[in-house]
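Please keep the sequence and the structure in view while reading.

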Amino acid sequence: MTSNAAASPALRRSPGSGRGVVSFPEPRPADIREALGRVLASPQFDASERNRSFLAYVVGEALAGRADRIKAYTIATTVFRRDASFDPQIDAIVRIEAGRLRRSLERYYLTCGRDEAIRIGIPKGTYAPVFAIDGGPDPEAAGPAAAARADIGPRIVVAAFEDEGDPSVFPRFARGFARALVVGLTRFTDLFVLGPEAGVQPGPEADLARLRDTLQVDYLLTGATTLSARYLRVEALLVDVESGRTVWAESFERSLATGEIDRLRTEIAAQVVSTLAQPYGVIFSVRARDRDGAPPGDVCSYDCGVRFHQYALAPDPAQHAALRQALERAVLRDPHDAEAHGCLARVYLDADRLELRGAAKVQDPLAQALALAERAVALAPRASSAHCALGLSLWYRGDIEAALEALERAHLLNPNDTTIMAELGHRLALRMRWERAMPLIEAAFARNPCQPSLYRTGAALFHLANGRTAEARAEARRIGRNWLLDGIRVPPRSPEPPACPEAAAERTAPAGTAGPEDCARLADRFARERLHPDLIRVLLGT
């Protein structure tokens, strides 16, 4: 099957729909039933039993010429056993399950079903299936509801915030706040962001059906601002457009002082953006939950980041191998996917530096990582994640200053990404540049406590280097098991127990009694991590 969308046959409406008929041969009903049977019988098709029944029902109705009768009500009462009082405006079960079924079909055709001659799809905005022949579905031919590319990340629209305060105090404050949100969100280049210019009604009156079916929006960010002479209050809500459920809501209130309105608006907007869009944030968590239990096959661009950051919380050989293979397929499938290139670069770095037992061998991983990271930056020069991958690739090749320059660039491109903030602080700490490192680490964890524990290592090293063993131990306890701290002993001049969790876990030698071979092994490992030589001496007590 060709990967060229222009060469693929157009996507047909299901038999009986009466719309979108083109001149390509229509798949025979018998062939469609066989294709459906293969999907339902495949263990890689990860839909629930009732969503398998959902798919079988709508395909059966379409083949029987009743596609125009496939509505939320008939699906709810026939498949989901709702009674005759079912109201789709109150009960969103069909919309929610249809979204899950679409994702299951997408994953199936990206993995074991990639060679299927006939593909079944359910475009957004309808529950009637469509069928494609001799290639992947052409979203453009499926109507505007399916026009969004599958590899685009979450689409979010920022509605104009309602202005509930005294407009004479600060005219157009709400408009400026919404604009600040748009600016902040667009720094996360894997998001697709629409602003108030999309014409979305603020507040609960927003037309979710239009957002879902016409604009292909996944999330609506809306709310209100209240401004008086003494205080500022912002209420923000994130709504899942598919289900209508509010997945996050927060209220921010600040006392006002003369000349502080602009600063507070920027501060609150940045806090909202970070909470929603950063790795381990609200949108990440929702996406990760939706993918939970999915097969480790091909991933779309945004899901590359989701999968990678899930893995980064606790790297292990099994996850590494599966993620590496999925990312390699993603890069081959779309050579222009900057996110996949950047994530694969970092996974290759782990293959080298973590020495993962059981991980498949990667030929010259440092060279491959650098080439992938450079390609990611070339593809997306304003993507902070690409510059972060480049910085780390340069770091492990020993070009420290160029690495820090790339990480600083990543942080400048997106100061709301606290994972990049923590990464930069961590690297600066390894080079004992405490004055810059510690504020970054502290700010990153203050704004996002869900960072990988690795980034707390800098704080532990800072205390240890300054002779504060008790503080180092306290920070190490917060880290938990951490490969970077493996085998570190507290210098012999300190009477305290081991400062780092790996030493406490191993208990193979009391503080300061590591033999020459152990010291040589640790010194080599620290040097490969590009720790400052003075810090290595502190860690080894030499």
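A residue counts as buried under 20% relative accessible area, as exposed over 50%, and as partly exposed in between. Arginine 50, at 39% relative accessibility, is therefore partly exposed. The structure discussed here is a predicted model.

## The chain as a whole

The chain has 542 residues, and 54% of them count as buried. Its secondary structure comes to 21 helices and nine strands. The accessible surface of the chain is about 23,800 Å², with 51% of that belonging to carbon and sulfur atoms. When contacts between residues at least 6 apart in sequence are considered, 59% of them join residues at least 24 apart.

## Confidence

The chain has a mean pLDDT of 78, and 77% of its residues reach 70 or more. Confidence is highest in helix α14 (residues 400–413), at a mean of 96, and lowest in strand β1 (residues 12–13), at 36. Residues 1–24 have a pLDDT below 50, and this stretch has 56 contacts in the model beyond near neighbours in sequence. The pLDDT also stays under 50 over residues 134–151, where the model has 42 contacts beyond four places in sequence.

## Core and cavities

In soluble globular proteins, nonpolar side chains tend to be buried together. In this chain the largest nonpolar core has 65 residues, and those touching the most other members are Leu390, Trp395, Phe526, Leu531 and Leu539. Which residues are in contact with tryptophan 395, leaving aside its neighbours within four places in sequence? They are Ile400, Ala403, Leu404, Arg427, Leu430, Arg431, Glu529 and Arg530.

Rolling a probe the size of a water molecule over the atoms shows where empty space is left. The count comes to two cavities of 30 Å³ or more. The largest cavity has a volume of about 340 Å³. Its lining is made of 29 residues, and Asp190, Pro279, His309, Glu339 and Ser385 lie nearest its centre. Helices α9 (301–313), α11 (338–353), α13 (384–396) and α15 (418–430) are the elements that give two or more residues to this lining.

Serine 393 is found in helix α13. With a relative accessibility of 1%, serine 393 is under the 20% limit and so counts as buried. Beyond its neighbours within four places in sequence, serine 393 is in contact with Ala345, Leu349, Ala369, Leu370 and Ala373.

Arginine 50 lies in helix α2 (residues 49–63). Leaving aside neighbours within four places in sequence, arginine 50 is in contact with Val79, Phe80, Ile93 and Glu97. One of these, phenylalanine 80, is 30 residues from arginine 50 along the chain, and their C-alpha atoms are separated by 7.3 Å.

Alanine 67 is found in the loop between α2 and α3 (72–78). Its relative accessible area is 6%, so alanine 67 is buried. Threonine 78 lies in helix α3.

| Pair | Apart in sequence | C-alpha to C-alpha |
|---|---|---|
| Arginine 50 and phenylalanine 80 | 30 residues | 7.3 Å |
| Alanine 67 and valine 130 | 63 residues | 9.9 Å |
| Threonine 78 and tyrosine 57 | 21 residues | 8.5 Å |

## Residues with positive phi

Most residues other than glycine have a negative phi. Arginine 81 has a positive phi, near 60°, in a residue other than glycine. Arginine 81 is found in the loop between α3 and α4 (93–110). Is arginine 81 buried or exposed? Its relative accessible area is 70%, which is over 50%, so arginine 81 is exposed.

Methionine 432 is not a glycine either, and its phi is positive at about 65°. Methionine 432 is found in the loop between α15 and α16 (434–447). With a relative accessible area of 24%, methionine 432 is partly exposed.

Methods:
Residues numbered from 1 in each chain as written. Predicted model: local features only at pLDDT ≥ 70, side-chain atom pairs only at ≥ 80, totals over all residues. Heavy atoms only, no water. Helix = DSSP H or I, 4+ residues; strand = E, 2+ residues; numbered from the N terminus. Buried < 20%, exposed > 50% of the residue type's maximum accessible area, 1.4 Å probe, protein only. Contact = heavy atoms within 4.5 Å. Areas by Shrake-Rupley, 256 points an atom, 1.4 Å probe, with all protein chains shown as cover. pLDDT = per-residue confidence, 0-100. Core = buried A, V, L, I, M, F, W, Y, C linked by side-chain atoms within 4.5 Å. 1 Å grid on protein atoms, 1.4 Å probe; cavity = no way out; pocket = protein on both sides within 12 Å on 5 of 7 lines; lining within 4 Å. Points joined across faces, edges and corners; volume = space filled by probe spheres on them.
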